[in-house]
Amino acid sequence: MTTFLSGIQPSGRPHLGNYFGAIRQHVDSQEEEGEHYFFIADYHALTSVQDADSLRANVREMAATYFALGLDPERVVFFRQSDVPQVAEITWLLSCVTGMGLLERAHSFKDKTAKGIKPSVGLFTYPILMASDILAYDSTIVPVGKDQVQHVEMAQDMAGHFNAAFGSQVFVRPEYRLPESEALAKVPGLDGEKMSKSYGNDLWVFESGKRLKKAVGRILTDSREPSEPKDPAGVLLLDFLALFLEDTELEDWRNRIREGGQDAPGYGHLKVRLIEAWEETFAPARQRFEEYLADPAALDSTLALGAERARERACIVRDRAYRACGLR
Ligand code: AQP
């Protein structure tokens, strides 16, 4: 049986990287045979969001985003991470078989601290909680963006360490799944670095109108004239267009930038096309997002139903792990 599992932090508004790297994969996977568990990672978000009202609002916005983008809570178990306390219990078991050295090698932790983000113990042990999220449902496939691959590999290691320590096959080994292209697996931010909520270089998927125009206007460019021939690989706006356009159209823009000359497009032309493609992709879902958000009680009760189903499965795995290590 294939079991899909993935999560997203309600640490801010979901951005283009979250959508193309993860949310779209999650929604598409509904069509595949198997069980599907997707959750809003509010325990994880506490490492960066320390304001109760913001966290609550972010959770509802994230739920409304998923439903607007096509996630069907009838077909998918969709829930809030903190509604499944068994995950915190399994986290402790995994902590006891995980070496500090494994966590010290985490790229995400190193990148965040290098950017000046204060390293709490929670941020340091984040990969253990994430491993528990994955292992608690016997997940076999974890659809993620490239930045999360190492964390899934750590979950494989932790499952292996636990099974080896207690001599039984308690945890199922999960595999990660990346989107079909590199462009989608690591979406750049406004500054060309990985797009990330906590780096302040992100673009909200439902941005619109003047704010969208202003946000797109902040994508890093340079002062070269349109007529100057350029290597398309050095034009960040083309990386953004690659998210939306068909291959033939994208190749045409790339060729015209490469050749330069009187008819070559300027950065302004690329921005106009980007805004147009953005609207085509997200405008209908933006409308649905507003509608879902207008009914917070319905969002809460859908999440509560999902949590009930998630807890059932997590209890089975937690009990199996407790028995294996002598806690029962
Ligand atoms: N830039 C990205 N390109 C492709 N995929 C991405 N993801 C995140 N950024 C990109 C994928 O989105 C899913 C959910 O991510 P998350 O919010 O749980 O954590 P994250 O990866 O740490 O995302 P952020 O925006 O960088 O969050 P903060 O700044 O709060 O830590 C994951 O599958 C991730 O791969």
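Predicted model: local features only at pLDDT ≥ 70, side-chain atom pairs only at ≥ 80, totals over all residues.
Residues are numbered from 1 along each chain as its sequence is written, and side-chain values use heavy atoms, with hydrogens and water left out.

The domain assignment, with bounds that come from an automatic or database source, gives domain 1 as 3–183 + 296–325 and domain 2 as 209–289. The C-alpha centres of these two domains lie 33 Å apart, and their contact (heavy atoms within 4.5 Å) takes 9 residues from domain 1 and 8 residues from domain 2. The buried area, defined as the accessible area (1.4 Å probe) that two parts lose on being put together, summed over both, is about 860 Å² between the domains, with carbon and sulfur atoms giving 80% of it. Leu 16, Phe 20 and Ala 68 supply 58% of the area that domain 1 buries against domain 2, more than any other three residues.

Across the same interface of domain 1 and domain 2, 1 residue pair is found in polar contact, with both residues at pLDDT 80 or more; a polar contact is a pair of N or O atoms within 3.5 Å, where, within protein, one must be able to donate a hydrogen and the other to accept it, and residues adjacent in sequence count only if both atoms are side-chain atoms. On the side of domain 1 that touches domain 2, helix H1 (16–29) and helix H3 (52–68) each supply at least two residues, and H3 gives the largest share, 4 residues. Helices (H or I, at least four residues) and strands (E, at least two) are DSSP runs, numbered from the N terminus.

Salt bridges by this rule come to a count of 22. Among them, Glu 180 pairs with Arg 24, with the closest N and O atoms 3.9 Å apart. Glu 180 lies in the loop between strand S5 (175–177) and helix H10 (182–185), whereas Arg 24 lies in helix H1, so the pair ties together parts that are 156 residues apart in sequence.

Definitions and conventions. Salt bridge = Lys/Arg side-chain N within 4 Å of Asp/Glu carboxyl O.
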